[in-house]
Amino acid sequence: MSLPWRYIIIGAPSYDAGRVFVYHGSAAGPSLSPDFMAKVSKSPAELGASVAGDMNGDGFGDVVVGAPRVGDTANPAEGSGRVYFGGAHGLGSQPAFSVTETHANALFGGSVAGTGDVNGDGFPDVIAGGIGLDNAARVVANAGGAEVILGFRTRQTIAPPASLHGVRFTD
């Protein structure tokens with residue numbers, strides 16, 4: 001029986017625009033230099049403000065990363081969450097997919113976590129929070145909230161359509 005590889009994920013949101021480092025583990029301890037690194041070039045993204053591990057339960061470690069300050073001058077700090085899938089040769093160098101919030105100052109991705117299979121379709125899901133999300137139904141700005149990103153069967157050549165993302169829960 002083969003065990004999934006173990007790893008340590010370190011988020012460094014203040015390192016330039018933010019970085020994430022992954023160190024593989026072994027019986028002798030973690031590697032001394034990172035085996036994977038992700039970064040963004042546009043500041044202030046705060047990539048790595050939140051990190052989480054395995055998402056799709058395929059036996060390979062994945063990395064989920066939040067970047068709550070991603071945005072532009074028209075919509076600053078919308079925030080985003082990115083998922084890097086693991087495989088037999090480690091983590092992919094590019095995100096398998098990313099989800100970005102659509103309104104300014106949502107700070108989406110300030111927290112991320114695997115949730116298990118919340119909708120019973122056999123695929124693990126991810127939850128990402130944003131303290132600046134609005135509750136439009138109750139006309140409350142900055143109420144905070146979370147979005148569940150539903151899992152799906154992945155193929156490396158096809159990105160998931162945007163319609164698969166975004167079941168929103170707000171207070």
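**View 1. Salt bridge between Asp16 and Arg19 in the predicted model.** Asp16 is exposed, at a relative accessible area of 56%, whereas Arg19 counts as buried at 14%. Buried means under 20% relative accessible area, exposed over 50%, and partly exposed in between (1.4 Å probe, protein chains only). The two side chains meet at 2.8 Å, N to O. A salt bridge here is a side-chain nitrogen of Lys or Arg within 4 Å of a carboxyl oxygen of Asp or Glu, and the count by this rule is 2. Residues are numbered from 1 along each chain as its sequence is written, and side-chain values use heavy atoms, without hydrogens and water. Since this is a predicted model, local features need pLDDT of at least 70 and side-chain atom pairs count only at pLDDT 80 or more, while totals for chains, interfaces and linings use all residues.

**View 2. Salt bridge between Arg69 and Glu46.** The closest N and O atoms are 3.2 Å apart. Arg69 lies in the loop between β5 (63-67) and β6, and Glu46 in the loop between β3 (36-39) and β4, 23 residues apart. Strands (E, at least two residues) and helices (H or I, at least four) are DSSP runs numbered from the N terminus. Arg69 is partly exposed at 36% relative accessibility; Glu46 is also partly exposed, at 28%.

**View 3. Open sheet of 4 strands, in the order β4-β5-β6-β9.** The pairing is antiparallel; two strands pair if DSSP finds at least two bridges between them. β4 (50-52) and β9 stand at the edges with a single partner strand each, so one side of each has no neighbour in the sheet. From one strand to the next the twist averages 15°, with axes fitted as lines to C-alpha atoms and angles running from 0 to 180 degrees between N-to-C directions. β6 (residues 80-84) pairs with β9 over 4 bridges, and the bridge partner of Ser80 in β9 is Thr100.

**View 4. Aromatic pair of Phe85 and Phe97.** The pair is tilted, at 6.2 Å centre to centre and 55° between the planes. Rings of Phe, Tyr and Trp (its six-membered ring) pair if their centres lie within 6.5 Å; planes under 30 degrees apart count as stacked, over 60 as edge-to-face and the rest as tilted. Phe85 sits in the loop between β6 and β7 (86-87), and Phe97 in strand β9. Both Phe85 and Phe97 are buried.
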